[in-house]
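Hi,

Here is the structure I promised to send over. Have a look first, and then read on for my notes.

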Amino acid sequence: MVAQSKTIESIVIALEKLAADSVNTRSTLGADDGLRKRLLTAIQTLVPELETSGEACQRFLYNTLELPLARVAVDLNIFNLLKDSPTPLSTDELAKQTGKSPDTKLLARVMRYLASLSFVREVDTGVWTASHLGNNLSGKGQSAGVASMVDNCGLALLTLPAFLRRHNYNPPQDKSDTSFAQGNRVAPDEVTFFQWLKNRPENAKDFNIFMTSHRTGVKTWFEQPKIIEEIADAFEKVTSGKEGGKAKGVSFVDIGGGIGHQCKTFKKHTPNLSGTIVLEDLEEVVANAELEDGIEKVGVDFLTGQPIKGQPYWSNQYARVILGHVRDAMDKDSLVLIDELVLPDRGAHRYETQLDLTMLAMLNAEARTQTHWKQLLSETGFEVKDIIVYDEDSRDAIIIAKKVST
């Protein structure tokens, strides 16, 4: 027991040294991302195991404050001001630089809270400087993510317990009866999240920026040659013998593709693949898309039909009705490629499960396990050809399916 205590003491001392020199620690671990993740996982696993009940309650019961106060920091541009400042800033100096004349006493209270969670660093009494966490939230996309989660999702998440109680823990399939609708007390003409977003351009702007930027720098399916080959082969079969051939064909349709990020990336990775690329999303979403030659945009309500017929498909967000419309529009040689999370049947990560429940709160949607995906596709007239997980960390995958012959 004494020997084990000494071993733990030496580990704690080593961790304290790593924390005291965090810049050098990050630099060292930057060369070995696997080791960095192992250390992070070990620390995160130990925290709930070592806490007392009082410590756990202090951490857990008040963590609802973290995101709203980060939103205040984004509103006041605190993260960027500290990041760009060559020297630490006092509360008074920071208040002036925000350009919004916040009460300095209030700002000091906010800054103390942010410092207690490492969003900023307190280098002296009432003097602040940037932190690694704050810098991670200072980018345009990250700031939009903070704003979108608070302004667009906040009430939906807080209302989820009452929503589930109201439905006796059997959430409805109706897209208009959601935790989002209940929490926001929506008007009759904006019962769904996307209808609500249509009337709030600033909210829509933050949502679209975040949806695009949070994928920047991560692995994509475009790096998988097998998937590109599947699309090219399907396009060859679909256009064979058709009037106009490949030149008049549609090689790729991105259903629910936002403002066209994936369409542009697909075009870049397939310079020798002819045919038109089509971006499909709601009218108010594609209106913000800036596209290049060879990419067309179509505003569409996925629940009412699929306007592009007889082509290979990549689908981003859908339910059974949408898949049915896609199936009916497909040629016998077309493929549907679904770029989605594929959760393991056991041991899913927090990143995946939190997205799953956010989708429930906002849309009555879900992130599915591999078993659930196969069942859903089978029920809607598809056969799964392959599931290619292209990012093990996030469980992002491409599900390749074909229309079942009748």
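First, the ground rules. This is a predicted model, so I kept to its conventions: local features need pLDDT of at least 70, side-chain atom pairs count only at pLDDT 80 or more, and totals for chains, interfaces and linings use all residues. Residues are numbered from 1 along each chain as its sequence is written, and side-chain values use heavy atoms, with hydrogens and water left out.

**Helix α14**

Helix α14 takes in residues 225-239; helices here are DSSP runs of H or I with at least four residues, and strands are runs of E with at least two, numbered from the N terminus. With its 15 residues, α14 reaches 21 Å from first C-alpha to last, close to the 21 Å expected at 1.5 Å a residue (the expected span is 1.5 Å times one less than the number of residues).

Its buried residues are I227, I228, E230, I231, A234, F235, V238 and T239. They cover an arc of only 155° around the axis, which puts them on the same side of α14 (the arc is taken over the directions from the helix axis to the C-beta atoms). P225 and E229, on the other side of α14, are exposed. For the cut-offs, buried means under 20% relative accessible area, exposed means over 50%, and partly exposed is in between, with a 1.4 Å probe and protein chains only.

T239 is worth a click: it counts as buried because its relative accessibility is 6%. A polar atom of the T239 side chain lies 2.7 Å from the backbone oxygen of F235. Just after α14, G241 takes a positive phi of about 80°.

**Salt bridges**

The structure holds 14 salt bridges, each being a side-chain nitrogen of Lys or Arg within 4 Å of a carboxyl oxygen of Asp or Glu. In one of them, the D33 and K37 side chains meet at 3.3 Å, N to O. D33 and K37 are 4 residues apart in helix α3, so about one helical turn separates them. An α-helix has 3.6 residues a turn, so residues three or four places apart point the same way. D33 is partly exposed at 37% relative accessible area, and K37 is partly exposed at 31%. A network of salt bridges links D33, R36 and K37.

Next, D177 and R166 meet through their side chains at 2.8 Å, N to O. This pair links distant parts of the chain: D177 is in the loop between α10 (140-166) and α11 (179-184), R166 is in helix α10, and the two are 11 residues apart. R166 is partly exposed, with a relative accessible area of 45%.

E51 also forms a salt bridge with R59, the closest N and O atoms being 2.7 Å apart. R59 is partly exposed at 39%.

**A nonpolar patch**

On the surface, I11, L15, L18, I43 and V47 form a nonpolar patch with about 360 Å² of accessible area together. The elements that give two or more residues to this patch are α1 (2-20) and α3, and α1 gives the most, with 3 residues. I11 lies in helix α1 and is partly exposed, with a relative accessible area of 45%. Patch residues have over 30% relative accessible area and no salt bridge; like charges are joined within 9 Å, and nonpolar side chains (Val, Leu, Ile, Met, Phe, Trp, Tyr) within 5 Å. Areas come from the Shrake-Rupley method with a 1.4 Å probe; for residues, only the protein chains shown count as cover.

Cheers

Technical notes: A polar contact is a pair of N or O atoms within 3.5 Å; within protein, one must be able to donate a hydrogen and the other to accept it, and residues adjacent in sequence count only if both atoms are side-chain atoms.
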